[in-house]
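Q: I would like to learn how to read helices and sheets in a model like this one. Could we go through it feature by feature?

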Amino acid sequence: MVRALHGLLPDGTTSPTPRPLQKGMVSGSPKSRVNVVLKAMKGLQSINKIPDGSSLPFGHQGLTVIYGENGAGKSGYARVLKRACRARDTQERILPNVYGTTVAVPARATFKLSVNGGPEQEVEWEDGKASDDILTNITVFDARCARVILDEKNEVTYLPYGAHVFEALVSVLNWIRQQIEAEKPKPEPLQWPDITLATKPGIFLAGFTHDTNEKEVEDAAAWADDDADKLEELTKQLAQLEANDPIKQAAKLRSFKERVTNLKKHIEQRAAALADERLGKLKQMLDALAEAKKSVELASQATLQEEPLRGAGESAWQILYDAAKDYSTKHAYPDDEFPVVGDESHCVFCMQPLSEDAKQRLLRFKAFMEQAAKKKHEDAKKALDSAVESFEALNNKAAADQNGNTIDELMQRDEKVATAAESCLTAIHSRLEYFDQLISGRETGEIPPLPNSPAKALTKIIVALEKEAEGLEKAVDPTERDKLKNEKAEFLARKCFADNRAKILAYLADLKTAHKCDQALASTDTAAITRKGKSVVSEALTPQLRDAVQSELELLGADHLPLSLRPSGRRGETLHQLELKGATSGRKVSLTDVLSEGEQRVVALAGFFAEVGLGQHSCPVVLDDPVSSLDHRYRSTIAARLVSESRKRQVLVFTHDIAFLLDLQEKAGELDGVHFTAQTVLQQNEAAGVPNEGLPWHAMLVRRRLEYLRNTLKEIKVLCGTGQAEYDKKAAFLYALLRETWEAAIEEVLFNKAVVRHGSQVQTLRLKQVSVTTEQYKAIDANMSKCSKWMAGHDKSKKLDIHRPAPNEISADIDTLSTFVKECKKAGEALRKEREIALGPATAEIG
């Protein structure tokens, strides 16, 4: 509908017609108020693991309790009631049996009921379809439908029944906003290199809005053959200008000038470095080194010729000596001068103590290494190494290759200067080869001649190139070229616009759609709903409702909670906010920091009962697990409140809490005129939610348990002998139940319910008829032991492959318990009379 209002519906799609909210659309607010009696749910189909065709009957008046353990299938029935009766929460899905093999169909059920005391009628319900208005007379309460909710700020708020439609409307609008936001186009501005803001198409494209007309786009996208011819002509004209561009020509000249400058520097540096006097000095260094080497050899022969090993004094030996000296001064004897020849000294080579001969030998070595000839040889070698390093740096292959290319270009400009430069480079190369021969000790001959330097001629060319470049730059006139460039850019932009016409129209369509989406989003503002909801809630917050809530809190044992109500509207929610009266804290108190989870549930129930009471009708109410999170104190008061309410209307309670079930049964028995009906849903084999009339096993009285045991024995009796394995299995289970019945008999009969499991009291007055005799103890011990022997799962149990007792023996064991119960009751009654007499005053004989 929002899309239709703002032109966002696709062609051929229609929107639904809005329907105003009316009575009968929500639970508790029926179209017409009638008295309904819900008698049964029947014909269930595709509802969780509940078998298709299942029926769940309800007591026609008073209180009906539907008990089921967790996972037994109880919630499936409750979900159907919530959906069919249009409870506040409709988000909880009803799934079929996910393990089923048949094709799933929508959940279905039939409600058997009567209206205003009339004849029975059946109302069909199918999930996904609008339920019959008559079912909205039934009000449902559970944790999700509670009138006390926790909002995002963790504040406890009270929502009057029916006012949730405002919150639901806000949720719908927020969902619509999300959908529209997701569908809203988010067009990125169109950009192409050929369409710039300096062109008319660029300016037009940049100014696009949702108001831009498609015809304007079509006109701007026009492109004809004449336009293509003109663009081609402009491209050719600019290409010619570019080829003869003075600026580019000047740049080329300066690049050539830089290379010639580098060539000049190369020749000058190497001609100076390889001059005759430098090479002659190098030759002298080589000769001096050779003479020094001879002197060292003679000194070595004179000083070290008597040493036991050959080669002492030569280069390899000197390296070894220097290494030993370095090790001694840095590590072995860092504080002593090398060599260390004291009394406790060791050889730094072999690590052994030094003999006198070894000490003298080390001293001779030192004398040799420190004599003048050796020093002279070392100085000559260092000087030569430095010179050689500087000469070797001159041999740069990359520079030589670059200079070769420069000379090729120079030939085109001045062949004479280029030839002179080439000759000079060749001579330099020859002198470098001479240097290599000299260093390697090969025959060198005469030093190759070095021609006159072309440096001056190269300098003239460098100056001339700069002048030419400057002249070209001064002659540039960019006006005509810029005009052609601008004209070409305009045509390129037009062509690009035409080529992308479809994309541009799509972009414009997205802009228009995005604008419509913005208008649609603005129409989903929830402020007006918040104001209306607050007004409605304020009207609903009558003194009677306030008083009713307070009265219910008292009935539920929560009158210690000093709560007050005030209207609140926030983001479409229409609430009554609960506040602590008399709170002295200077800050705003969050009730979830004060109220426990159970107290919040009690407040929810108080609000529920207050509204039901003010509704002035007697239609059924359904409560699903109303005492979740509550302790025994609140559980008892709520049980009493539900029983009291069941005197006015039909009350259906779903619970998994057996203690609460027993509380309801007890309170119903204490109040005259209350009808109490119990139903149990069980999980059997692969199915769940199998209905069973009456209380669950653990809540049954001993009398009912004995009936159940006898009936079960009749069912399995036929298996004895024919299906022995199955019989043994079921008989073992029967003995387990018999053992539990003995335990129940102890609690109910022998101890007269003085202490009850799941109860919260110890009733000492019931001890009046409690006594355990030795014979009773022996009977209990013997029969409990026998049950433990034949049941399964007990540490004393026989294995299942051992046959269980025959049906006649089991029947006798059941009769034994029945007799025990009768005798206990008889003995207890006698004991009661005896103790009542004992508690009274003694009477004297008279007469």
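Q: How many residues has helix H16, and how far does H16 reach from its first C-alpha to its last?
A: Before the answer, please note that this is a predicted model, in which local features need pLDDT of at least 70 and side-chain atom pairs count only at pLDDT 80 or more, while totals for chains, interfaces and linings use all residues. Residues are numbered from 1 along each chain as its sequence is written, and side-chain values use heavy atoms, with hydrogens and water left out. Helices (H or I, at least four residues) and strands (E, at least two) are DSSP runs, numbered from the N terminus. The expected span of a helix is 1.5 Å times one less than its number of residues. Helix H16 (residues 501-522) has 22 residues and reaches 32 Å, close to the 32 Å expected.

Q: Which residues of H16 are buried?
A: An α-helix has 3.6 residues a turn, so residues three or four places apart point the same way. Buried means under 20% relative accessible area, with exposed over 50% and partly exposed in between (1.4 Å probe, protein chains only). In H16 the buried residues include Ile 504, Leu 508, Leu 511, Ala 514 and Cys 517.

Q: What span should helix H25 have, and what does H25 pack against?
A: The 33 residues of H25 (residues 807-839) should span 48 Å at 1.5 Å a residue, and the end C-alpha atoms are 47 Å apart, which agrees. Among the buried residues of H25 are Ile 810, Ile 814, Leu 817 and Val 821. The buried residues of H25 pack against helix H22 (702-716), helix H23 (724-750) and helix H24 (774-790), where contact means heavy atoms within 4.5 Å.

Q: At what angle do the axes of H19 and H20 cross?
A: Axes are lines fitted to C-alpha atoms, for helices over the stretch in contact, and angles run from 0 to 180 degrees between N-to-C directions. The axes of helix H19 (residues 597-614) and helix H20 (residues 632-645) come within 12 Å and cross at roughly 10°. That makes H19 roughly parallel to H20, a term for angles under 35 degrees. Residues that meet there include Leu 605 and Phe 609 in H19 and Ile 638 and Leu 642 in H20. The contact residues divide into seven nonpolar (Ala, Val, Leu, Ile, Met, Phe, Trp, Tyr, Cys and Pro), no polar (the others, Gly among them) and three charged (Asp, Glu, Lys and Arg).

Q: In what order do the six strands form the open sheet?
A: Strands of a sheet pair through backbone hydrogen bonds, either parallel or antiparallel. Two strands pair if DSSP finds at least two bridges between them. Here the order is E6-E11-E12-E3-E13-E14, with mixed pairing. Strand E6 (139-141) and strand E14 (687-693) are the edge strands, each pairing on one side only, and the twist averages 20° from one strand to the next.

Q: Which strands does E3 join, and is E3 enclosed or open?
A: Strand E3 (residues 63-67) runs parallel to strand E13 (residues 676-684), joined by five bridges, and five bridges also join E3 to E12 in parallel. Ile 66 stands opposite Phe 654 in E12 and opposite Gln 679 in E13. In a regular strand the side chains alternate between the two faces of the sheet. Leu 63, Val 65 and Tyr 67 lie on one side of E3 and Thr 64 and Ile 66 on the other. Five of the five residues of E3 are buried, so E3 is largely enclosed by the rest of the structure.

Technical notes:
Parallel < 35°, antiparallel > 145°, perpendicular 65-115°, else oblique.
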